[in-house]
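The model comes first, then the notes.

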Amino acid sequence: MSFFFTNPFGMILGILMGIISLGVLFILIISVLAVVGGPGQCTAGGPAISITQANSDAFQQKWDAMDDTLDGGSPASIDLDESEVSSRADRYLTDETDAPFGDVRVCLHDGSGEGSGTISILGIDVEVKVKGNMEMTGGSPVATIDDIEVGSVPGFATDVIEGIVEDAIEEGLNDIELNHDYQATLTEGNAKIDGTP
């Protein structure tokens, strides 16, 4: 033991081992915080959100009807509520992508949206909440993320997990093909989508 206190090489080695031990401890604490607790579900802007196949189908029927009108060369609009948007997002992410999301909810507010759910990271489900907006004027939607909350992890330690969440969102959106340009106007509990041919 005196090697670590009397020998300069031992002192340096002791300091390095202490730093590595603190780093491992920090990673373990952050990992535990990511799994326990969390930001909870997003706050609905309208009535309670109901995730059903019928709501997902209603979303898709409205969208298809809008696209048919746009294909004919005329502008078109639809109104979607949070249950329709959440149900379609949940079904899409579950059935049509490899994105590691579950229990998805989309909450709509004046000028911005919130999404919540779980993301599987190394086989562990972690609660996440994302705030931002979406641009739908290209070949695929593009998310503009303003804030990400992960588990109970303090903000200063979420960079790596936020990167994983952002990559998963981008991967899920890249698979969506937009045939026209769309503009979303978000109000409490509602999204009005205006499409141009």
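The sections below cover the basis of the model, its disulfide, its aromatic pairs, a strand pairing and a pocket.

## Basis

This is a predicted model: local features need pLDDT of at least 70, side-chain atom pairs count only at pLDDT 80 or more, and totals for chains, interfaces and linings use all residues. Residues are numbered from 1 along each chain as its sequence is written, and side-chain values use heavy atoms, with hydrogens and water left out.

Helices (H or I, at least four residues) and strands (E, at least two) are DSSP runs, numbered from the N terminus.

## Disulfide

The structure holds 1 disulfide (a pair of cysteine sulfur atoms within 2.5 Å). C42 and C107 form it, with their sulfur atoms 2.0 Å apart. The link is right-handed, with 75 degrees about the S-S bond.

C42 is buried at 10% relative accessible area. C107 is buried at 0%.

## Aromatic pairs

There are 2 aromatic pairs. Rings of Phe, Tyr and Trp (its six-membered ring) pair if their centres lie within 6.5 Å; planes under 30 degrees apart count as stacked, over 60 as edge-to-face and the rest as tilted. F59 and W63 are stacked, at 5.8 Å centre to centre and 5 degrees between the planes. They sit 4 residues apart in helix α3, separated by about one helical turn. F59 is buried, with a relative accessible area of 13%. W63 counts as buried at 13% relative accessibility.

W63 also pairs with Y182: this pair is tilted, 4.7 Å centre to centre with 45 degrees between the planes. It links distant parts of the chain, with W63 in helix α3 and Y182 in strand β6 (residues 181–187), 119 residues apart. Both W63 and Y182 are buried. What do the ring pairs make of F59, W63 and Y182? They link these residues into a cluster.

## Strands β4 and β5

Strand β4 (residues 124–135) and strand β5 (residues 142–150) run antiparallel, joined by 8 bridges. Two strands pair if DSSP finds at least two bridges between them. A hairpin of 6 residues joins β4 to β5. E135 stands opposite V142 in β5. G132 stands opposite I145 in β5.

## Largest pocket

The largest pocket has a volume of about 1200 Å³. On a 1 Å grid over the protein atoms alone, a pocket is an open set of points where a 1.4 Å probe fits, with protein on both sides within 12 Å along at least five of seven lines; lining residues have an atom within 4 Å of a point. The volume is the space filled by probe spheres set on the points.

The lining counts 46 residues, of which V85, A89, V106, M134 and L173 lie nearest the pocket centre. By class, it has 28 nonpolar, 11 polar and 7 charged residues. Ala, Val, Leu, Ile, Met, Phe, Trp, Tyr, Cys and Pro count as nonpolar, Asp, Glu, Lys and Arg as charged, and the others, Gly among them, as polar.

Notes
Buried < 20%, exposed > 50% of the residue type's maximum accessible area, 1.4 Å probe, protein only.
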